[in-house]
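Student: I would like to be guided through this structure. May we take it one question at a time?

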Amino acid sequence: MSSTQKDKNDIHENAKEYYGNTLKGTKDLKTNSCCCSEKPPKYIKDIISKLHDEIVSHYYGCGLVIPEELEGLTCLDLGCGAGHDVYILSKLVGEKGKVFGVDMTKEQLEIAERHKEYQAKVFGYSKSNVEFINGYIEKSSDIPDNSIDLIVSNCVVNLCPKKKDVFSEAYRVLKPGGEMYFSDVYSDRRIPEKLLHDPVLHGECLSGALYWNDFLSLVKNVGFKSPRLVKDRIITIENKDIEKKIGFAKFFSATFRLFKIPDFDNTDGEDYGLKVCYKGTISTSPELFVLDNSHNFVKDKEYSVCSNTFRILNQSRFKKHFNFVGNFETHYGIMENCSVKIPFQSLKNDNNNICFCSGFSQDEHNQNFEKEFYYQNTYYPYSQEERRYNYQFIPEWYNNSYYYRTYPFWFKNSYY
Ligand SMILES: C[S@@+](CC[C@H](N)C(=O)[O-])C[C@H]1O[C@@H](n2cnc3c(N)ncnc32)[C@H](O)[C@@H]1O
């Protein structure tokens, strides 16, 4: 066995020991990294109140990994532990849905298995819809390609020595349009490898944490080209001994959603003039659907979206809840308000005849021109011809605000 392989096995063994024997329950955790401070919505709280005490007292998750619209889905929980999230999903997918949980620690799985029939009965099912698999999430060979609608995982990937394998496997088993919705711990820098071998730093989900930027490139490389951050919080550790060893870095608990969309654009923010409108038909979100931390869709309101957001909504289980407008015929460059910016510095000196929105008079508008043009370092790549053509103010009253038409967008009468 090569020394690297041995190191990887040691890392697995450390996590098994930590979650199988060292910790006897949530109360034994030494930091607040594997703690979920998020308040679940009422419909999930009600399900948690129906979980067996032993399952709840062995919960080591760092976030809430239950997205919306689950009825009838086939789900997979990577590193399911004692089954806390598996059983929440079990209720939400309904008796016809199915939930698999994979974990490598037998003591955790024994707890999960022990309450299978109990939970089926509590949920009113004639037969349990969950199945636990003892194994490594780096190789889910029992699970066929393209067979899973939703993968969840809660505070697990950081513990895995082969993180790329975990995401490649997730991509393999997801159906096209399927989603991985998961919480994990991330760091603000690369953590020195030697700290991986400290059993407490590793077991407490700190020293194995991915540096956030490595995480983003890793998942994009395996095919999840448009990772979406849903929520995050800073981990405060709250343990002086541990802070002494690893306090040089900052840690975050974050929930991301990764969709398997085979024809994703390689880059986010591409503007094809596409629009979507949420119908308000998801029962748990009748007024507002939150896709991620920068995409909230109010019912019945039309939103311009980039090509990848359009595809996520149009090719996933959310399709039936949206109306879609547009096609991919004309590309207008990068979306305004997008985190990705056009890089060319020369645009800064090329500001003749450009008109952008505002709620100002035309004089005021001209005075504020520079400010607007570079507002939040965003600039707007129109051709000269388009700029001349669009240099006009035609106010339109819509939704309690004036909007100005500057082809091809409508801008609101304020800085945005
Ligand atoms: C922090 S606990 C979280 C457990 C569970 N998700 C929860 O929220 O309670 C991490 C779990 O991941 C499992 N785990 C870690 N690495 C794994 C791997 N490579 N394959 C399978 N399970 C793994 C551990 O056995 C442990 O049960």
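Tutor: One term is needed at the outset: two residues are in contact if their C-beta atoms, placed from the backbone, lie within 7 Å. The model is a predicted one.

Student: Which residues in α7 meet α9?

Tutor: The α9 side of this contact is formed by L218, V219 and V222. By class, the residues of the contact divide into five nonpolar, one polar and two charged. On the α7 side, the residues are K163, K164, F167, S168 and Y171.

Student: Is α7 parallel or oblique to α9?

Tutor: Helix α7 covers residues 163-173 and helix α9 covers residues 212-222, and their axes lie 9 Å apart. The two helices pack at an angle of about 40 degrees. Angles under 35 degrees count as roughly parallel and 65 to 115 as roughly perpendicular. The angle between these helices therefore makes α7, relative to α9, oblique.

Student: Which element gives the largest share of the shell around the ligand?

Tutor: The ligand is surrounded by 27 residues, the closest being Y60, G61, G79, G81 and T105. Elements that give two or more residues to this shell are α1 (3-22), α4 (84-93) and β2 (98-103). The largest share is four residues, and they come from α1.

Student: What percentage of the residues in the protein is buried?

Tutor: The secondary structure comes to 14 helices and 16 strands. The protein has 416 residues, and the buried share of them is 39%.

How values were computed
Residues are numbered from 1 along each chain as its sequence is written. This is a predicted model: local features need pLDDT of at least 70, side-chain atom pairs count only at pLDDT 80 or more; totals for chains, interfaces and linings use all residues. A residue is near a molecule or strand if its C-beta atom, placed from the backbone, lies within 6 Å of it. A residue is buried if 20 or more other C-beta atoms lie within 10 Å of its own, exposed if 12 or fewer, and partly exposed in between; C-beta atoms are placed from the backbone. Axes are lines fitted to C-alpha atoms, for helices over the stretch in contact, and angles run from 0 to 180 degrees between N-to-C directions. Angles under 35 degrees count as roughly parallel, over 145 as roughly antiparallel, 65 to 115 as roughly perpendicular and the rest as oblique. Ala, Val, Leu, Ile, Met, Phe, Trp, Tyr, Cys and Pro count as nonpolar, Asp, Glu, Lys and Arg as charged, and the others, Gly among them, as polar.
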